[in-house]
Every structure is written in structure tokens, then in C-alpha cells.
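Keep the picture open while you read, and look up each element as it comes along.

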Amino acid sequence: MLRLICVSILASYVHALAWTATPFNPPSIPLAVRTPYLSAWLPQGSGVALNDAWPTFWTGSILGWAGFVKVDGVAYSFLGAPSVSGASFQKAVQTDFEFTATQSNFKLTAGPIDLTVSFLSPVEANDLVKQSIPFSYMAVSAASNDGASHSVQVYSDISAEWVSGDTGLVVNWSTTSGNLSNPSVFSEVNDHTQYGAAYYAVLNTASTTYQTGADVAVRAQFINSGSLANTQDTSFRAISNNWPVFALSRDLGSVTAATGAPVVFAIGHIRDPAISYIVENNGRQDRSLFFWSKFSSPATLIDDFLSNYAAYDGALVAANAFDRQLQSDAAAISSDYAGIVALSVRQALGATELTISKNGDGSWNTDDNTNTVDVIFPAWPVLLYTNPALGKYLLEGLFRYQASGQYPNAWSVHDLGAQYPQAIGHNDGGDEAMPVEESGNMIIMALSYAQRTNDNSHLSAYSDLLDQWTQFLITDSLIPANQISTDDFAGPLANQTNLAIKGIIGIKAMAEIASILGDTAKSNNYSAIAADYVTQWQTLSASDSGDHLTLAYGSSSSWGLSYNLYADKLLGLNLFPASVYEMQTAWYKTVKDWEIWTAAIMTDNEARDIFISAVKSWASDGLSSQPFGDWYETTNGSPNGFRARPVVGGHRIVKERVMRL
């Protein structure tokens, strides 16, 4: 039994879709994915149209999100799976679906009108204010498909399910937002935040109407009349009590064959403060989302966000440019690879939040956020690609906490807190212990960031910590003690071949750091230790047959994915001999088990593409309905529980290596 994340494609599964899917139909389609609490998906399995099912939170719980269009007095649903007593409607027919790195675009036919429904979750990593805005767009446009003009009205609503993971809780609401009557700051229920407010908005025009109230009543109002009543239901109640919704509609007037300006909806969730962060002497610092450094209220933020969608240099223009660049870069590897990377970007960045703290004078102190080390590490390639500074900010919180002296262990901490958004450390040292894994990860990422940016500030400020972790690696990397690695679901194991690779590379990385900091003696010492360890490791890790590396020393018939070799290539160390890479390439071509990280260390494109195409096949086989997973059953490819994790940012890794070399 392999103790690692991998997929074995035993047979190909073919499923027919009723629409065209480009580049393929994924396990789950990202709709609004910006933060851990704004994460809406359309589960797919063998194929689900936009109006066949309710969108879900990343955990799988329903998020009520409905859409209707009226065409010449006939109503059609285009989003969600509503049932409306007292009103009749048809379902628009989905004809096309396409996803890019930032957008999911659907085309549907509603009688004589063609609808385009576009979900855009911006990726603007070089503008920290914009990247930190917890909002996404849905744009709905209409065009005649029969050459005639038609009267068209567009409607959409969200339910109070966007406010909490407990549908029995009471919610207050206005025309555009809803929040819990009794919020609980820094707490979660079923991974939903339990404070803050959900928002749904459009730019106000004379042709816009609104209404709050019971889902059936509000939807029936639009279906029957083509507009809303501009009224508010102030009978605040539980989320599941007549399901209160916040609805908006727009009359497009007479629509011709030319597609007019879309109706643009903004959906988001704002909470403040965003996280609680541990500081000196076990103190706590409340931190807010970065956008507050520019905007003074949700209203000003939402107005700017909506106005920015179609601006000359706005969100749509930026998204299209980013999508084109990523497609071009990734397609240089293969079309399969381009699809995998595009599907991964929103998921990876949508698990991060940029935060700031307020100084005593009311000004903003702009810096870091919170994290798990062995989740940041596999996401590292997408951070390097979009903006290496994001990686620096993720590391800063970890460095700063451990430099305060409150964490008692000699190795790196696993995370900043057991329950997001409470980044309150582990002063008892009781975090999930991955001593070699996390220490190696921190050193490797610190050097990687400095190499990419020529910013050595972390290396200088935290050199003592980095050296402390290196000293630990020297004691426990060549022959790792019984411990878990990032594949923690597999349990602890002693003498892990792949884990030893991580630790040895960490030692060599520290030699490079010492050289950058001008400590030649330390650099030479660590380089010598790493080189000696590699020589010993080659004997310890070899199978009796000599044709592959073992999973653990002494277990000749075992094997695993030696993906930690990638850091050797990323950092340009050339620490492990070419013969190791060549041996593993030949072995993997024989056994055909794969993963993207291993693809990045293959010495020929044939072996590389075996891994890439297999992952693409798994992502498009129609057997899963959850966001892109990273833990699979090796016998049949079924997902084993991990979902919507940012580790898919590592899918950028193959192209990252090409760029580095």
C-alpha cells in the first residue's frame, strides 16, 4: 500500500455531456471563489447544468443562489434549482461551458434569447487591495438568436445560507446584505464564519428593482410580473424559516441580436476583524482585511467594485489579460497541463486572505496573514507565478511568531492555529508535529523567495531561526525518526526516503542562505554535510534491484513518489546526481502512477506527460463532484476527502521548473 498521494488510472471513463465543455468538464466548477468564506461551486459529477442544481459551499453545503430571465413574458430559470409554487417557468438550455483561470462562462438558450452567464473571481495579485476584496462578479448578458427584438428582464437572488453554516440561526437583513442576529466573532459552524455579513448588489439604475422576503414569494413576484416590489420583509427569522432571500432585478428593455451591456452582480462576504493573531507575551492582535486601508465602508467598496468591472483598465480587462498569459505559459507544456493549471488558480488563491492591523493612531499597518506550512509549500509555485510577495507575507506570520520565542520546539511550527481564523499559535508545542517536513519547507521557501526577488530581508531578520531549524535537520534528516510528513493521512513512518530528501535539501538551502549573508565558513560546512548525506542516502534508499528508490529504507519492494526532489531543481542546487532523476523517470514510466510534482522532476517529456495527462483524465472523468481534490484512492481514482485546498497551486510547478532552468 503506497503511503502517498497518487492516482492510478486503471480504465478510462467516458461520459456524454449535453453541452460543449472547454477545456473539459471539471469535478466542480468555481463560481465565486475569493476567500475561505466566499467559496461557491457548482458540483458536476457526470455533468450538471448551471440550472440543474444549487451551488454549494466548498464543503458541499447548499448556498441558495437563483437566477431567472423573462423573455416576452415567459420565464426561464438559468441558475440554481428553485421550485416556485404559484408560478410557472421553463428551464433555459445550457449549450456551452468554458473555464479559464479567473472565469467560468456558461451559455444558455432561453427561447429566442441566448444568455451568457459569466462568473469572475478576480486574480490581481500585484494589487494587494484588489486581491484582498472578498467579492466576486456574476455578469448576465442577453442577445436575440432569431433576428427579432425581444423584451427581457433579468433576476437573481441569494439566500441567507450565505450567512451561516447553521440554518437554524436567526438572520437580520437589508436590501443587499444579511448577518446573524447573534454573531460569534472568530468562530465557525461547519466551516462557515459566524459573524460578518453577506452582500449582494448591482449598480442602481431606474430599471432596477429589489425585494427581500420568502424565497417562493419573491421569485413568484418576478416570474409573474417581470419586476420586484421594492419592499423589505422585516420579519427577521431563522435561515430555514421560509428561506429569506435578497433579490435584485433589471429590465433590459428591447434586446436585439447585438449583445448589450451585461447586468453585473457583486457577491461577497465581509467580516471585521478578520483574524486574531498572536503577538509578544501571548497577546492578541485583531487584524482586518487589507482593503480597509483604502475603503472606509462596505458601501464605498461595493460601489467601486461594481464600477470597476467594465472600466477601461478594470476587472474584466485584467482578468482576460491574466487568463491569456497563463494559458500561453502553461500551453507551452501541453494543453492538458494548461487546463489543470487554469482550474487550480482560483482554488489556490481563494484560500488566502491578506490582512492588516491598526496602529494606535488609527493608521493601518500593512503586512501579513496566517497559514499552515505544508499547505503553503505545495501552493508555492502559484505564489511565485502571480506575485512572490504573497509568499513572503504568508511566511512572515510564521517567522514573526516563532521569533517571539513562544514556540518551544527546536523545529518549525506546523501552523499558526488549529482553527481558522484564530492564529493564536501553539505555545504548548502541541501542534501536529512534522519536524523535518516543516523545517525543510520553511528554509526552502525562504531561499526561493530571496532568489526570485533579491529581497533578503527574511534571511537577515530570521537567520537565527533558519539556522536553528538547520541544526535540527542535521540531526534528523539522513535517517528520519518515526514521524509524519505532509502525507499525514498515511500516518507516521520511520526512515522515509522522500522525507530525507526534503531535509537534506533544507541543509543545502541553508548553505546558500549563509553564503548570501556572507558567512562563508557556515556555508561551506553545511554544503559539505549535505553532500555527504546525499552519498549515504543513495545507499540507504536504494531497492535491492537498484532500479528505484524505496518508500522507506530497508523496504526493498516499496516505492513512492520522490516529489521532494523538485526543490533541488527549483533552487538550482544540483545536489542530487542526475542518475537519481534518470532512475526514477525510468521507474515511473514502468509503473504509471503519477502526480504533477513528480512530473516536474522527470528527465524526459514522455514521462512528464504521462503524469500530466493522467491527472487531467482524473479531473475530467465525471466520478467526482467536489472541488479539485488532492487525495485519491489509488485503486479507482475516487476522492478521499481533501477538497478545495490551496495545494493545487502546485500544479504550476512544471512550468515553474522550465522557467527556472
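Strand E3 (residues 38-43) and strand E4 run antiparallel and are joined by two bridges. Find Trp41 in this pair: its bridge partner in E4 is Thr56. Keep in mind as you look that this is a predicted model. The pair belongs to an open sheet of three strands, in the order E2-E3-E4, with antiparallel pairing. Strand E2 (28-35) and strand E4 (56-57) are the edge strands, and each of them pairs on one side only. Which helix lies across E2 and E3? Helix H5 (residues 335-349) does, and H5 runs at about 35 degrees to E2.

**The ten-stranded sheet**

Now turn to another sheet. Ten strands make up this open sheet, and their order is E1-E8-E9-E10-E11-E21-E17-E14-E13-E19. The pairing here is mixed. Why is one side of E1 and of E19 left without a neighbour in the sheet? Strand E1 (20-22) and strand E19 (237-238) stand at the edges with a single partner strand each, so one side of each has no neighbour there.

Helix H4 (residues 315-331) lies across E9, strand E10 (113-120) and E11. Compared with the direction of E9, H4 runs at about 110 degrees.

Next come strand E8 (residues 93-99) and strand E9 (residues 103-110), which pair in the antiparallel sense over six bridges. A hairpin of three residues links E8 to E9. Across this pair, Asp96 stands opposite Lys107 in E9, while Gln94 has Leu108 in E9 as its bridge partner.

Is E22 mostly covered or uncovered? E22 is mostly covered, with four of its five residues buried. With strand E23 (residues 283-289), E22 pairs in the antiparallel sense over five bridges, and Ser276 has Asp286 in E23 as its bridge partner. The hairpin of E22 and E23 has three residues between the strands, and Asn281 in this hairpin takes a positive phi near 60 degrees. E22 also runs parallel to strand E26 (residues 422-423), to which two bridges join it. There, Tyr277 stands opposite Ala423 in E26.

| Strand pair | Sense | Bridges |
|---|---|---|
| E8 and E9 | antiparallel | six bridges |
| E22 and E23 | antiparallel | five bridges |
| E22 and E26 | parallel | two bridges |
| E3 and E4 | antiparallel | two bridges |

Helix H11 (residues 497-516) has 20 residues. From its first C-alpha to its last, H11 reaches 29 Å, close to the 28 Å expected at 1.5 Å a residue. Of the 20 residues of H11, 17 are buried, so this helix is largely enclosed by the rest of the structure. Just after H11 comes Gly518, which takes a positive phi of about 85 degrees.

Helix H6 (residues 373-386) has 14 residues and spans 19 Å from first C-alpha to last, close to the expected 20 Å. Where does H6 bend? The bend is at Ala379 and comes to about 55 degrees; a proline, Pro381, follows within four residues. H6 is mostly covered too: 14 of its 14 residues are buried.

**The chain as a whole**

Finally, step back to see the whole chain. The protein chain holds 17 helices and 26 strands. Of its 661 residues, 61% count as buried. Among contacts between residues at least 6 apart in sequence, 69% join residues at least 24 apart. The accessible surface of the protein chain comes to about 22,800 Å², and 49% of that belongs to carbon and sulfur atoms.

Notes:
Residues numbered from 1 in each chain as written. Predicted model: local features only at pLDDT ≥ 70, side-chain atom pairs only at ≥ 80, totals over all residues. Heavy atoms only, no water. Pairing = 2+ DSSP bridges. Contact = heavy atoms within 4.5 Å. Axes fitted to C-alpha atoms, helices over the stretch in contact; angles between N-to-C directions. Expected span 1.5 Å × (residues − 1). Buried < 20%, exposed > 50% of the residue type's maximum accessible area, 1.4 Å probe, protein only. Areas by Shrake-Rupley, 256 points an atom, 1.4 Å probe, with all protein chains shown as cover. Bend = angle between axes of the 7 residues up to and from the residue.
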